[in-house]
Amino acid sequence: MACGSTSLWAGESTWFCCGSAWGPCGSAGTGACGTCQSSKAQAAWPNASQSCFDITRPDLCGESIPRRGCGSVMNVRHQCSGATVCVTVSDCGPRTKSFCGEATCCNGACRTNRVIDLTPAAFSAIGNLDSGMLPVYIYE
């Protein structure tokens, strides 16, 4: 899996559970792509398909997030620590429209709107699960 360095987006990241039980997750479905596992470095993207976009509607928060389907690879970098994790899109989400204007900050710099969900394995590679949200840059 090759992670790129071309800037794609910036915003908030949260975490979610999918697949078989791991860490703080009980059992959950395998996501819109059918491959999602909480123990792997994976992500949910709000424009993974048209049906996904119809649910998440990032455009209602002013985000014109490009379509990147199942299997797309992204590099997610914590805005302040610089920690990175390479993830594969394996689900649809987050439901951006439900969190318009929400801000996450570190060192006085903030990002708004939830634009990517990470599995617990991916999120814990760049931050603490207890924090719940992180400001991130996304590259492809």
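This is a predicted model: local features need pLDDT of at least 70, side-chain atom pairs count only at pLDDT 80 or more; totals for chains, interfaces and linings use all residues.
User: How many disulfides does the model hold, by the sulfur distance rule?
Analyst: A disulfide is a covalent bond between the sulfur atoms of two cysteines. Here a pair counts when its sulfur atoms lie within 2.5 Å. By this rule, the count is eight.

User: Which cysteine does Cys17 bond to, and what is the S to S distance?
Analyst: The torsion about the S-S bond is -80°, and the link is left-handed. The partner of Cys17 is Cys25, with S to S at 2.0 Å.

User: Is Cys25 buried or exposed?
Analyst: The cut-off for buried is under 20% relative accessible area. Cys25 has 6%, so Cys25 is buried.

User: What is the handedness of the disulfide of Cys18 and Cys36?
Analyst: The two sulfur atoms lie 1.9 Å apart. The torsion about the S-S bond is about -65°, so the disulfide of Cys18 and Cys36 is left-handed.

User: How many residues apart in sequence are the parts that Cys18 and Cys36 tie together?
Analyst: Cys18 is buried at 1% relative accessible area. Cys36 is buried at 0%. Cys18 and Cys36 each lie in the loop between β1 (7-15) and β2 (42-45), so the parts tied together are apart in sequence by 18 residues.

User: Where in the chain does the disulfide partner of Cys61 lie?
Analyst: Cys61 forms a disulfide with Cys100, their sulfur atoms 1.9 Å apart. The pair links distant parts of the chain, 39 residues apart. Cys61 is in the loop between α1 (50-56) and β3 (73-78). Cys100 is in the loop between β4 (84-92) and β5 (103-106).

User: Is Cys61 buried or exposed?
Analyst: The link of Cys61 and Cys100 is left-handed, with -85° about the S-S bond. Cys100 is partly exposed at 39% relative accessible area. Cys61 has 16% relative accessibility, under the 20% cut-off. Cys61 is therefore buried.

User: In which sense do β2 and β4 pair, parallel or antiparallel?
Analyst: Strands of a sheet pair through backbone hydrogen bonds, in either sense. Ala43 lies in β2. Ala43 stands opposite Val89 in β4. Over four bridges, the sense for β2 and β4 is parallel.

User: What separates the C-alpha atoms of Ala43 and Ile116?
Analyst: Ala43 counts as buried, at 0% relative accessibility. Ala43 and Ile116 are 73 residues apart along the chain. Their C-alpha atoms are separated by 6.8 Å.

User: Which residue lies over the face of Phe99?
Analyst: A search of the whole structure for aromatic pairs finds zero. A charge over a ring needs CZ of Arg within 6 Å of the ring centre. At 3.5 Å from the ring centre of Phe99, the residue is Arg114.

User: Which side chain makes a polar contact with the side chain of Thr104?
Analyst: Thr104 is found in strand β5. Thr104 has a relative accessible area of 8%, so it is buried. At 2.4 Å, its side-chain partner is Glu12.

User: How far is the backbone oxygen of Arg114 from a polar atom of the Thr96 side chain?
Analyst: Thr96 is found in the loop between β4 and β5. Thr96 is buried, at 0% relative accessible area. The distance from its side-chain polar atom to the backbone oxygen of Arg114 is 2.7 Å.

User: Is the peptide bond from Gly93 to Pro94 cis or trans?
Analyst: Most peptide bonds are trans. Pro94 is found in the loop between β4 and β5. With omega near -5°, the bond from Gly93 to Pro94 is cis.

User: What is phi of Arg57?
Analyst: Most residues other than glycine have a negative phi. Arg57 lies in the loop between α1 and β3. Arg57 is partly exposed, at 26% relative accessibility. Its phi is positive, near 45°.

User: What is phi of Asn113?
Analyst: Asn113 is found in the loop between β6 (109-112) and β7 (114-118). Asn113 counts as buried, at 5% relative accessibility. Asn113 is not a glycine, yet its phi is positive, at about 70°.

Conventions. Residues are numbered from 1 along each chain as its sequence is written. Side-chain values use heavy atoms; hydrogens and water are left out. Buried means under 20% relative accessible area, exposed over 50%, partly exposed in between (1.4 Å probe, protein chains only). Helices (H or I, at least four residues) and strands (E, at least two) are DSSP runs, numbered from the N terminus. Two strands pair if DSSP finds at least two bridges between them. Rings of Phe, Tyr and Trp (its six-membered ring) pair if their centres lie within 6.5 Å; planes under 30 degrees apart count as stacked, over 60 as edge-to-face and the rest as tilted. A charge sits over a ring if NZ of Lys or CZ of Arg is within 6 Å of the ring centre and within 35 degrees of the ring normal. A polar contact is a pair of N or O atoms within 3.5 Å; within protein, one must be able to donate a hydrogen and the other to accept it, and residues adjacent in sequence count only if both atoms are side-chain atoms.
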